[in-house]
Amino acid sequence: MSDCELVAGRDMKLVASRIAGGLVGHNEGAIKRCYVENADQDTIDEDIAKNYAKYDNPTSDFTLGTQTLFQSNAMYIGGLVGVNYNAKIEYAYSKISVVNKESLYAGGAAGLSIQSKYDQIYTTGSVYAYRGIGGLIGLVTTNIEEIDFA
């Protein structure tokens with residue numbers, strides 16, 4: 001897949017039970033020159049910051065998981081892909097927040113990476129999940145063969 005984009009509105013949601021990604025749920029190929037961003041990302045990030053304060057107070061409503069594109073309890077969520085398996089992502093970025101307190105692993109680019117390559121990628125959104133988070137990748141189960149930042 002190449003030369004693609006997703007510009008999500010505030011009311012747009014991805015609902016999945018296992019894997020969710022801004023562009024692709026499970027990638028076993030190549031993604032090149034693609035991006036994901038939210039039409040009003042600045043407003044969403046402000047809402048998330050307000051919800052972090054609520055998280056420290058157990059009597060407050062904690063709605064962090066509803067502030068981004070991801071809604072439900074998918075195990076792996078990523079700004080570009082949920083799972084990147086023996087695949088490559090290059091010249092790509094994600095500016096969406098990858099946030100869901102019900103998900104196990106979240107990454108700005110990929111929720112789970114297995115034997116994959118990354119070249120010239122970046123992410124700028126907030127990342128939050130129940131168990132493991134990463135600015136780029138939430139969980140790596142084997143060595144990343146190659147990574148080159150933008």
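So, contacts between residues at least 6 apart in sequence: 81% of them join residues at least 24 apart, where contact means heavy atoms within 4.5 Å. Quick caveat: this is a predicted model, with local features needing pLDDT of at least 70 and side-chain atom pairs pLDDT 80 or more, while totals for chains, interfaces and linings use all residues. Numbering starts from 1 along each chain as its sequence is written, and side-chain values use heavy atoms, with hydrogens and water left out.

The protein has one helix and 15 strands; those are DSSP runs, at least four residues for helices (H or I) and at least two for strands (E), numbered from the N terminus. Of its 150 residues, 47% count as buried, meaning under 20% relative accessible area with a 1.4 Å probe, protein chains only.

Let's look at strand E6, residues 81-85. Four of its five residues are buried. E6 runs parallel to E3 (residues 24-27), with three bridges joining them, and Val-81 is the bridge partner of Val-24. E6 also runs parallel to E10, this time with four bridges; strands pair if DSSP finds at least two bridges between them. There, Asn-84 stands opposite Ser-113.

Now, what does the side chain of Ser-116 reach? Ser-116 sits in the loop between E10 (110-114) and E11 (117-123), and it's buried, at 0% relative accessible area. Its side chain reaches the backbone nitrogen of Ala-87 at 3.3 Å. A polar atom of that Ser-116 side chain also lies 2.9 Å from the backbone oxygen of Asn-84.

Conventions: Buried < 20%, exposed > 50% of the residue type's maximum accessible area, 1.4 Å probe, protein only. Polar contact = N/O pair within 3.5 Å; in protein donor to acceptor, adjacent residues only side chain to side chain.
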